[in-house]
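Please load the model in your viewer and keep the selection panel at hand.

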Amino acid sequence: MAQYILKRVLSGALTILILMTVTFFLMHAIPGSPFVKGEQNMPEELLARLEEKYGMDKPLWQQYLTYLKNFLTGDFGDSFKKADTSVNEIIGRGFPISARVGAVAVVVSVVVGLGLGILSAVRRGSLFDGGAMVFATIGISVPTFVTAVLLMYLFAGVLKILPTYGLTTWKHYILPVTCLSFSPIAYIARMTRSSMLEVMQQDYIRTARAKGVKEFMVILQHGLRNAILPVVTYLGTLIASLLTGTFVVERLYAIPGIGKYYVDSISARDYNVILGLTVFLGIFVVICNIVVDVLYCIIDPRVKISE
(Lines give C-alpha, C1' and ligand atoms only; values in the text may rest on other atoms or scores of the structure.)
Protein backbone atom coordinates (compact mmCIF):
# COMPACT_ATOMS: atom_id res chain seq x y z
CA MET A 1 0.00 0.00 0.00
CA ALA A 2 2.75 2.47 0.97
CA GLN A 3 4.67 1.72 -2.21
CA TYR A 4 1.55 2.20 -4.31
CA ILE A 5 0.75 5.55 -2.67
CA LEU A 6 4.35 6.68 -3.23
CA LYS A 7 4.06 5.81 -6.93
CA ARG A 8 0.82 7.75 -7.20
CA VAL A 9 2.36 10.75 -5.43
CA LEU A 10 5.34 10.74 -7.82
CA SER A 11 3.00 10.36 -10.79
CA GLY A 12 0.91 13.25 -9.47
CA ALA A 13 4.00 15.42 -9.04
CA LEU A 14 4.98 14.74 -12.66
CA THR A 15 1.45 15.63 -13.76
CA ILE A 16 1.61 18.94 -11.90
CA LEU A 17 5.01 19.72 -13.42
CA ILE A 18 3.70 19.08 -16.94
CA LEU A 19 0.56 21.12 -16.24
CA MET A 20 2.56 24.03 -14.90
CA THR A 21 5.05 23.93 -17.78
CA VAL A 22 2.41 23.82 -20.51
CA THR A 23 0.33 26.57 -18.88
CA PHE A 24 3.38 28.79 -18.35
CA PHE A 25 4.60 28.67 -21.94
CA LEU A 26 1.12 28.90 -23.48
CA MET A 27 0.37 32.07 -21.51
CA HIS A 28 3.61 33.67 -22.53
CA ALA A 29 3.04 32.68 -26.17
CA ILE A 30 -0.01 34.95 -26.34
CA PRO A 31 0.89 38.24 -28.06
CA GLY A 32 0.82 41.40 -25.99
CA SER A 33 1.61 42.34 -22.42
CA PRO A 34 -0.43 41.89 -19.23
CA PHE A 35 0.36 45.51 -18.38
CA VAL A 36 -1.28 46.92 -21.49
CA LYS A 37 -5.07 46.81 -21.70
CA GLY A 38 -6.75 46.88 -25.10
CA GLU A 39 -5.38 49.41 -27.53
CA GLN A 40 -4.17 51.90 -24.94
CA ASN A 41 -0.62 53.15 -25.22
CA MET A 42 1.80 52.95 -22.31
CA PRO A 43 5.10 54.82 -22.19
CA GLU A 44 7.94 52.50 -23.05
CA GLU A 45 9.86 53.54 -19.94
CA LEU A 46 6.95 52.67 -17.63
CA LEU A 47 6.39 49.35 -19.41
CA ALA A 48 10.08 48.49 -19.06
CA ARG A 49 10.00 49.26 -15.32
CA LEU A 50 6.98 47.03 -14.80
CA GLU A 51 8.56 44.18 -16.72
CA GLU A 52 11.76 44.60 -14.71
CA LYS A 53 9.82 44.61 -11.42
CA TYR A 54 8.13 41.29 -12.21
CA GLY A 55 11.16 39.71 -13.92
CA MET A 56 9.57 39.68 -17.36
CA ASP A 57 12.60 41.39 -18.92
CA LYS A 58 14.60 38.16 -18.55
CA PRO A 59 14.68 35.32 -21.10
CA LEU A 60 11.63 33.07 -20.99
CA TRP A 61 13.54 30.00 -19.84
CA GLN A 62 15.00 31.98 -16.95
CA GLN A 63 11.53 33.22 -15.96
CA TYR A 64 10.33 29.62 -15.95
CA LEU A 65 13.18 28.40 -13.75
CA THR A 66 12.59 31.29 -11.33
CA TYR A 67 8.90 30.45 -11.12
CA LEU A 68 9.66 26.76 -10.62
CA LYS A 69 12.12 27.58 -7.82
CA ASN A 70 9.59 29.82 -6.08
CA PHE A 71 6.85 27.20 -6.52
CA LEU A 72 8.95 24.55 -4.77
CA THR A 73 9.10 26.87 -1.74
CA GLY A 74 5.32 27.38 -1.81
CA ASP A 75 5.44 30.83 -3.41
CA PHE A 76 3.04 31.31 -6.35
CA GLY A 77 4.27 34.82 -7.02
CA ASP A 78 2.56 38.23 -7.00
CA SER A 79 -0.45 39.44 -8.89
CA PHE A 80 0.28 41.78 -11.81
CA LYS A 81 -3.01 43.62 -11.40
CA LYS A 82 -3.56 43.77 -7.62
CA ALA A 83 -0.91 45.90 -5.97
CA ASP A 84 0.97 44.29 -3.10
CA THR A 85 -1.15 41.13 -3.33
CA SER A 86 0.34 37.67 -3.71
CA VAL A 87 -1.33 34.70 -5.36
CA ASN A 88 -1.05 32.86 -2.04
CA GLU A 89 -3.17 35.60 -0.43
CA ILE A 90 -5.77 35.32 -3.21
CA ILE A 91 -5.98 31.56 -2.70
CA GLY A 92 -6.19 31.99 1.07
CA ARG A 93 -8.95 34.56 0.65
CA GLY A 94 -11.05 32.79 -1.97
CA PHE A 95 -10.59 29.07 -1.32
CA PRO A 96 -12.32 28.91 2.11
CA ILE A 97 -15.42 30.55 0.61
CA SER A 98 -15.48 28.21 -2.40
CA ALA A 99 -14.83 25.25 -0.11
CA ARG A 100 -17.80 26.08 2.12
CA VAL A 101 -20.22 26.28 -0.78
CA GLY A 102 -18.62 23.30 -2.50
CA ALA A 103 -18.71 21.09 0.60
CA VAL A 104 -22.45 21.67 1.01
CA ALA A 105 -22.96 20.95 -2.70
CA VAL A 106 -20.97 17.70 -2.46
CA VAL A 107 -23.03 16.49 0.52
CA VAL A 108 -26.31 17.36 -1.22
CA SER A 109 -25.14 15.70 -4.45
CA VAL A 110 -24.13 12.46 -2.76
CA VAL A 111 -27.14 12.16 -0.45
CA VAL A 112 -29.80 13.06 -3.04
CA GLY A 113 -28.05 11.29 -5.93
CA LEU A 114 -27.57 8.03 -4.04
CA GLY A 115 -31.11 8.20 -2.69
CA LEU A 116 -32.63 8.68 -6.14
CA GLY A 117 -30.46 5.97 -7.67
CA ILE A 118 -31.23 3.39 -4.99
CA LEU A 119 -34.97 4.03 -4.99
CA SER A 120 -35.07 3.95 -8.80
CA ALA A 121 -33.30 0.59 -8.86
CA VAL A 122 -35.49 -0.88 -6.12
CA ARG A 123 -38.67 0.42 -7.81
CA ARG A 124 -37.57 -0.34 -11.35
CA GLY A 125 -40.30 0.36 -13.91
CA SER A 126 -42.41 2.40 -11.51
CA LEU A 127 -43.63 5.95 -11.97
CA PHE A 128 -40.98 7.12 -9.49
CA ASP A 129 -38.25 5.40 -11.52
CA GLY A 130 -39.41 7.07 -14.71
CA GLY A 131 -39.63 10.49 -13.08
CA ALA A 132 -36.19 10.15 -11.49
CA MET A 133 -34.59 9.19 -14.80
CA VAL A 134 -36.29 12.10 -16.58
CA PHE A 135 -34.87 14.41 -13.91
CA ALA A 136 -31.43 12.81 -14.31
CA THR A 137 -31.53 13.24 -18.09
CA ILE A 138 -32.46 16.91 -17.73
CA GLY A 139 -29.76 17.41 -15.10
CA ILE A 140 -27.08 16.00 -17.39
CA SER A 141 -28.26 17.87 -20.49
CA VAL A 142 -28.89 21.38 -19.15
CA PRO A 143 -25.75 23.57 -18.76
CA THR A 144 -25.02 25.03 -15.35
CA PHE A 145 -25.41 28.65 -16.45
CA VAL A 146 -28.90 27.91 -17.80
CA THR A 147 -29.92 26.34 -14.46
CA ALA A 148 -28.44 29.31 -12.59
CA VAL A 149 -30.32 31.89 -14.66
CA LEU A 150 -33.63 30.00 -14.45
CA LEU A 151 -33.40 29.59 -10.68
CA MET A 152 -32.43 33.21 -10.28
CA TYR A 153 -35.37 34.35 -12.39
CA LEU A 154 -37.90 32.09 -10.63
CA PHE A 155 -36.92 32.39 -6.97
CA ALA A 156 -35.48 35.92 -6.97
CA GLY A 157 -37.29 37.63 -9.83
CA VAL A 158 -40.78 36.09 -9.74
CA LEU A 159 -41.25 34.68 -6.23
CA LYS A 160 -38.75 37.06 -4.59
CA ILE A 161 -38.00 34.63 -1.74
CA LEU A 162 -34.27 34.01 -2.15
CA PRO A 163 -31.26 36.38 -2.45
CA THR A 164 -29.03 36.23 -5.49
CA TYR A 165 -25.66 37.50 -4.29
CA GLY A 166 -23.27 37.03 -1.38
CA LEU A 167 -23.22 34.44 1.42
CA THR A 168 -24.54 36.41 4.40
CA THR A 169 -27.20 33.95 5.62
CA TRP A 170 -28.15 30.32 5.04
CA LYS A 171 -30.66 31.45 2.41
CA HIS A 172 -27.80 32.77 0.29
CA TYR A 173 -26.46 29.20 -0.05
CA ILE A 174 -29.65 27.70 -1.50
CA LEU A 175 -29.43 28.90 -5.10
CA PRO A 176 -25.67 28.42 -5.68
CA VAL A 177 -25.67 25.02 -3.96
CA THR A 178 -28.68 23.93 -6.03
CA CYS A 179 -26.93 24.99 -9.23
CA LEU A 180 -23.69 23.25 -8.28
CA SER A 181 -25.37 20.00 -7.21
CA PHE A 182 -28.02 19.75 -9.95
CA SER A 183 -25.84 18.06 -12.57
CA PRO A 184 -23.83 15.88 -10.10
CA ILE A 185 -27.09 14.59 -8.60
CA ALA A 186 -28.15 13.47 -12.07
CA TYR A 187 -24.83 11.71 -12.76
CA ILE A 188 -24.74 9.99 -9.38
CA ALA A 189 -28.39 8.90 -9.65
CA ARG A 190 -27.88 7.31 -13.06
CA MET A 191 -24.63 5.59 -12.06
CA THR A 192 -26.11 4.31 -8.80
CA ARG A 193 -29.24 2.98 -10.50
CA SER A 194 -27.24 1.19 -13.18
CA SER A 195 -24.83 -0.37 -10.68
CA MET A 196 -27.58 -1.32 -8.24
CA LEU A 197 -29.60 -3.07 -10.94
CA GLU A 198 -26.58 -5.17 -11.85
CA VAL A 199 -25.60 -5.92 -8.25
CA MET A 200 -29.11 -6.85 -7.11
CA GLN A 201 -29.13 -9.70 -9.64
CA GLN A 202 -26.05 -11.36 -8.15
CA ASP A 203 -26.15 -14.71 -6.34
CA TYR A 204 -24.97 -13.33 -2.99
CA ILE A 205 -27.97 -10.99 -2.91
CA ARG A 206 -30.33 -13.93 -3.35
CA THR A 207 -28.39 -15.85 -0.71
CA ALA A 208 -28.72 -12.98 1.77
CA ARG A 209 -32.45 -12.84 1.17
CA ALA A 210 -32.75 -16.61 1.57
CA LYS A 211 -31.04 -16.33 4.95
CA GLY A 212 -33.74 -13.97 6.12
CA VAL A 213 -31.73 -10.73 6.05
CA LYS A 214 -34.02 -7.72 6.06
CA GLU A 215 -34.46 -6.10 2.65
CA PHE A 216 -33.20 -2.77 4.00
CA MET A 217 -29.91 -4.36 5.08
CA VAL A 218 -29.65 -6.31 1.82
CA ILE A 219 -29.87 -3.07 -0.13
CA LEU A 220 -27.46 -1.03 2.03
CA GLN A 221 -24.95 -3.58 3.30
CA HIS A 222 -24.72 -5.93 0.32
CA GLY A 223 -26.07 -3.96 -2.61
CA LEU A 224 -24.90 -0.40 -2.13
CA ARG A 225 -21.43 -1.32 -0.87
CA ASN A 226 -20.68 -3.12 -4.14
CA ALA A 227 -22.54 -0.67 -6.37
CA ILE A 228 -20.94 2.50 -5.02
CA LEU A 229 -17.49 2.09 -6.63
CA PRO A 230 -18.36 3.99 -9.86
CA VAL A 231 -19.73 6.81 -7.71
CA VAL A 232 -16.52 6.90 -5.66
CA THR A 233 -14.55 7.26 -8.90
CA TYR A 234 -16.69 10.21 -9.94
CA LEU A 235 -16.40 11.83 -6.51
CA GLY A 236 -12.65 12.38 -6.97
CA THR A 237 -13.00 15.01 -9.68
CA LEU A 238 -16.38 16.23 -8.34
CA ILE A 239 -14.98 17.15 -4.92
CA ALA A 240 -11.94 18.80 -6.46
CA SER A 241 -14.01 20.92 -8.87
CA LEU A 242 -16.69 21.96 -6.37
CA LEU A 243 -14.35 22.74 -3.49
CA THR A 244 -12.10 24.86 -5.66
CA GLY A 245 -14.98 26.86 -7.08
CA THR A 246 -17.24 26.71 -10.10
CA PHE A 247 -16.53 29.80 -12.13
CA VAL A 248 -19.95 30.41 -13.71
CA VAL A 249 -21.95 30.02 -10.51
CA GLU A 250 -19.60 32.19 -8.44
CA ARG A 251 -19.68 34.85 -11.13
CA LEU A 252 -23.47 34.89 -11.48
CA TYR A 253 -24.17 34.89 -7.74
CA ALA A 254 -21.37 37.33 -6.86
CA ILE A 255 -19.63 34.84 -4.57
CA PRO A 256 -16.07 36.03 -3.76
CA GLY A 257 -14.60 32.57 -4.10
CA ILE A 258 -11.58 31.30 -5.98
CA GLY A 259 -13.57 30.92 -9.20
CA LYS A 260 -14.27 34.64 -9.33
CA TYR A 261 -10.56 35.41 -9.09
CA TYR A 262 -9.85 32.87 -11.82
CA VAL A 263 -12.28 34.50 -14.27
CA ASP A 264 -11.05 38.00 -13.40
CA SER A 265 -7.41 36.96 -13.84
CA ILE A 266 -8.10 35.52 -17.29
CA SER A 267 -9.86 38.70 -18.38
CA ALA A 268 -7.00 40.81 -17.02
CA ARG A 269 -4.27 38.47 -18.32
CA ASP A 270 -2.80 38.23 -14.84
CA TYR A 271 -0.29 35.47 -15.61
CA ASN A 272 0.76 34.62 -12.08
CA VAL A 273 -2.81 34.33 -10.80
CA ILE A 274 -3.87 32.19 -13.76
CA LEU A 275 -0.88 29.91 -13.35
CA GLY A 276 -1.13 29.72 -9.57
CA LEU A 277 -4.84 28.87 -9.54
CA THR A 278 -4.40 26.33 -12.34
CA VAL A 279 -1.63 24.54 -10.46
CA PHE A 280 -3.60 24.74 -7.20
CA LEU A 281 -6.62 23.11 -8.87
CA GLY A 282 -4.36 20.47 -10.42
CA ILE A 283 -2.84 19.60 -7.03
CA PHE A 284 -6.31 19.29 -5.56
CA VAL A 285 -7.44 16.93 -8.34
CA VAL A 286 -4.36 14.74 -7.90
CA ILE A 287 -4.86 14.50 -4.13
CA CYS A 288 -8.54 13.61 -4.54
CA ASN A 289 -7.74 10.90 -7.08
CA ILE A 290 -5.16 9.34 -4.77
CA VAL A 291 -7.66 9.34 -1.91
CA VAL A 292 -10.27 7.73 -4.18
CA ASP A 293 -7.88 4.93 -5.17
CA VAL A 294 -7.17 4.18 -1.52
CA LEU A 295 -10.89 4.25 -0.69
CA TYR A 296 -11.44 1.57 -3.32
CA CYS A 297 -9.62 -0.95 -1.16
CA ILE A 298 -11.40 0.15 2.00
CA ILE A 299 -14.87 -0.06 0.47
CA ASP A 300 -14.31 -3.30 -1.44
CA PRO A 301 -11.53 -5.60 -0.15
CA ARG A 302 -11.77 -7.61 -3.38
CA VAL A 303 -10.04 -4.74 -5.17
CA LYS A 304 -6.33 -5.40 -4.99
CA ILE A 305 -3.72 -2.72 -5.35
CA SER A 306 -0.93 -3.65 -7.71
CA GLU A 307 2.34 -2.35 -6.44
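Which residue lies over the face of Tyr261? Select Tyr261 together with Lys260: Lys260 lies over the ring face, at 5.4 Å from the ring centre. The model on display is a predicted one.

For a second contact between a charge and a ring, select Arg123 and Phe128. Here the charged end of Arg123 sits over the ring of Phe128, and the distance to the ring centre is 5.7 Å.

Select Phe24 and Tyr67, a tilted pair with 6.3 Å centre to centre and 40 degrees between the planes. This pair links distant parts of the chain, since Phe24 belongs to helix H1 (residues 2-29) and Tyr67 to helix H3 (residues 60-72), 43 residues apart. Phe24 counts as buried because its relative accessibility is 4%, under the 20% cut-off. Tyr67, at 7% relative accessibility, is likewise buried.

The remaining stops concern backbone geometry. Select Lys160, in the loop between helix H6 (144-158) and helix H7 (171-199). Its phi is near 55 degrees, a positive value in a residue other than glycine. Lys160 is exposed, its relative accessible area being 63%.

Finally, select Ala254, in the loop that runs between helix H11 (247-252) and helix H12 (258-268). Ala254, also not a glycine, has a positive phi near 50 degrees. Is Ala254 buried, exposed or partly exposed? At 45% relative accessibility, Ala254 counts as partly exposed.

Methods: Residues numbered from 1 in each chain as written. Predicted model: local features only at pLDDT ≥ 70, side-chain atom pairs only at ≥ 80, totals over all residues. Heavy atoms only, no water. Phe/Tyr/Trp six-rings, centres within 6.5 Å; stacked < 30°, edge-to-face > 60°. Helix = DSSP H or I, 4+ residues; strand = E, 2+ residues; numbered from the N terminus. Buried < 20%, exposed > 50% of the residue type's maximum accessible area, 1.4 Å probe, protein only. Lys NZ or Arg CZ within 6 Å of the ring centre and 35° of its normal.
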